[in-house]
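Reader: I have a structure to look through and would like to learn how to read its features. Could you take me through it?

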Amino acid sequence: MNLFHPGARVVDAATGETLTEQTIAAAAAVLAEEPGGVVFLPIETTIASIARYLAALRLGRPVVLLDPDGDHSDLVERFSTTEVHPDLAILLTTSGSTGNPKLVRLSASAVETNADQIAQVLDITADSVAITTLPLFYSYGMSVLNSHLLRGATVVLERTGIMQRDFWAAAVEHNVTSMAFVPSQYEMLRRLRFDPAKYPSLRNLTQAGGRLRAELVTDFAERMAKVGGRLYVMYGQTEAAPRMTTLPPGRLAEKLGSVGLALPGSHFTIEDDEVVFHGPNVMMGYADTAADLAKGDEQGGVLRTGDLGRLDDEGFLFITGRIKRMAKVFGVRINLDDVEKNFPVTAVAGDDKLEVFAVGVSDDDARSLRTKIAEWLGTHFTGVNVRTVDALPLLPNGKIDYRALESSL
Amino acid sequence: MSELQRLREAFRTALDLPADAPVDDLRYQDNEKWDSLAHMSLVATIEDEFSVMIDTDDVINMSSFQEAISILGKYGINFNE
């Protein structure tokens with residue numbers, strides 16, 4: 001698979017370094033000298049990492065995208081193999097514990113198809129300029145890179161993030177046209193009193209990685225509309241490579257609360273209230289062991305999302321809840337039951353946070369629990385809140401009253 | 001507690017650092033805990049602690065502990081001991 005379409009540019013905002021055919025060819029030459037099979041790539045937001053990523057895809061070597069700050073020795077041991085299915089291109093870790101993560105198996109055609117679907121609905125052209133706002137091992141960050149490279153557009157590599165001056169200076173200097181954010185970043189942008197008029201080339205904001213509250217959807221749609229720009233609300237899962245919907249900006253006001261329409265060539269059904277996605281971008285399946293990497297497609301283009309939802313008469317999807325008890329923290333799904341199995345706490349989903357209740361622990365213990373849970377989840381510590389309580393509220397049947405805990409937040 | 005001690009405490013709380021961690025030489029992204037998310041919590045903690053409302057430009061310029069001292073000076077908080 002070649003994602004680096006002629007005309008595509010990747011430029012490092014801090015160093016000025018750019019990605020060229022020669023850089024990718026050199027990375028491919030290095031890779032060809034290494035043992036075959038799966039490539040484990042702790043992917044940094046750098047030219048060198050992206051060159052290695054694109055080289056692996058060109059050589060048809062399945063590449064596992066990993067957090068460069070994590071320790072993945074167990075994972076590397078579990079999934080090292082040369083027996084891989086020929087369709088397999090990219091492997092991403094699922095949310096949940098760092099102890100035993102599953103991998104999502106994405107085929108080259110699913111990745112390429114999804115990049116193309118996204119480029120279509122977001123109207124990405126050779127003139128588009130994206131800037132990195134998310135890590136590249138995270139499916140949303142990866143898809144921003146893929147969809148721009150595929151259309152011969154530009155991607156600016158920036159590592160400091162939106163809370164620093166360097167980011168905004170790079171956005172101006174490189175005439176960035178599009179930025180992608182998850183809900184926690186929209187909260188930050190609001191804190192920063194984000195004014196798109198300061199960035200005249202900026203046309204689009206995109207939003208995925210969990211539900212953005214309606215008030216912020218309206219707020220940012222209006223901020224962008226004032227300068228002739230747009231906000232795209234989207235919905236996806238890593239298992240769908242990752243995008244499934246976009247909400248056309250022109251329909252946003254009347255369809256507030258919807259995540260939009262299925263991408264071109266795909267559709268949804270609702271089965272027992274569960275949202276089921278049907279499309280060419282669905283994963284091949286999960287992998288729990290190295291042997292699973294030799295398997296072919298097990299999904300047949302169908303993905304049970306685990307989300308509850310409904311479709312209106314025009315096909316707009318509204319997500320109403322989740323089947324499993326899940327929290328989404330910084331865009332990453334966390335199974336609340338898994339948290340409770342591994343720690344002496346009761347877990348509920350907060351506003352882009354994991355909220356846990358610990359009975360009768362000291363402040364020191366609460367602090368150390370927070371650190372341990374965040375490390376175990378591989379999430380940022382500010383995404384976990386530990387609350388000390390004297391007792392948990394119970395339902396008449398003796399079970400924990402999760403509703404009461406949620407409403408106490 | 002002196003103003004300087006209060007600022008050090010605010011940094012430790014927001015960045016989830018131990019009570020005795022040295023913070024005077026901290027710079028954004030040098031410490032693995034000080035990233036954009038922690039920055040948001042840091043700004044909120046400082047605003048609460050010193051009862052100030054920090055401007056956008058100052059928020060994105062606050063890239064080190066020493067920078068925080070000089071920025072807060074503009075808000076009338078004096079760190080000279």
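Reader: Which order do the strands of the open sheet have?

Author: First the terms: strands (E, at least two residues) and helices (H or I, at least four) are DSSP runs, numbered from the N terminus, and two strands pair if DSSP finds at least two bridges between them. Here, four strands of chain A form an open sheet in the order E13-E14-E16-E17, with antiparallel pairing. At its edges are strand E13 (267-271) and strand E17 (317-322) of chain A, each pairing on one side only. From one strand to the next, the twist averages 55 degrees; such angles run from 0 to 180 degrees between N-to-C directions, with axes fitted as lines to C-alpha atoms, for helices over the stretch in contact.

This is a predicted model, where local features need pLDDT of at least 70, side-chain atom pairs count only at pLDDT 80 or more, and totals for chains, interfaces and linings use all residues. Residues are numbered from 1 along each chain as its sequence is written, while chains are lettered from A and ligands numbered from 1 in the order in which they are written.

Reader: Over how many bridges do E14 and E16 of chain A pair?

Author: Strand E14 (residues 274-278) and strand E16 (residues 302-311) of chain A share four bridges in the antiparallel sense. A:Glu274, for instance, has A:Leu308 in E16(A) as its bridge partner.

Reader: Where is A:Asp273, and what is its phi?

Author: The general idea is that most residues other than glycine have a negative phi, and most peptide bonds are trans. A:Asp273 sits in the loop between E13 and E14 of chain A, and its phi is positive, near 70 degrees.

Reader: Is A:Asp273 buried or exposed?

Author: We count other C-beta atoms, placed from the backbone, within 10 Å of a residue's own: 20 or more is buried, 12 or fewer exposed, and in between partly exposed. A:Asp273 has 12, so this residue is exposed.

A:Asp123 also has a positive phi, near 55 degrees, and lies in the loop between helix H4 (108-121) and strand E6 (129-131) of chain A. A:Asp123 counts as partly exposed because it has 13 C-beta neighbours inside 10 Å.

Reader: Which peptide bond is cis, with omega near -5 degrees?

Author: That is the bond from A:Ala241 to A:Pro242. You will find A:Pro242 in the loop between strand E10 (230-236) and strand E11 (243-247) of chain A.
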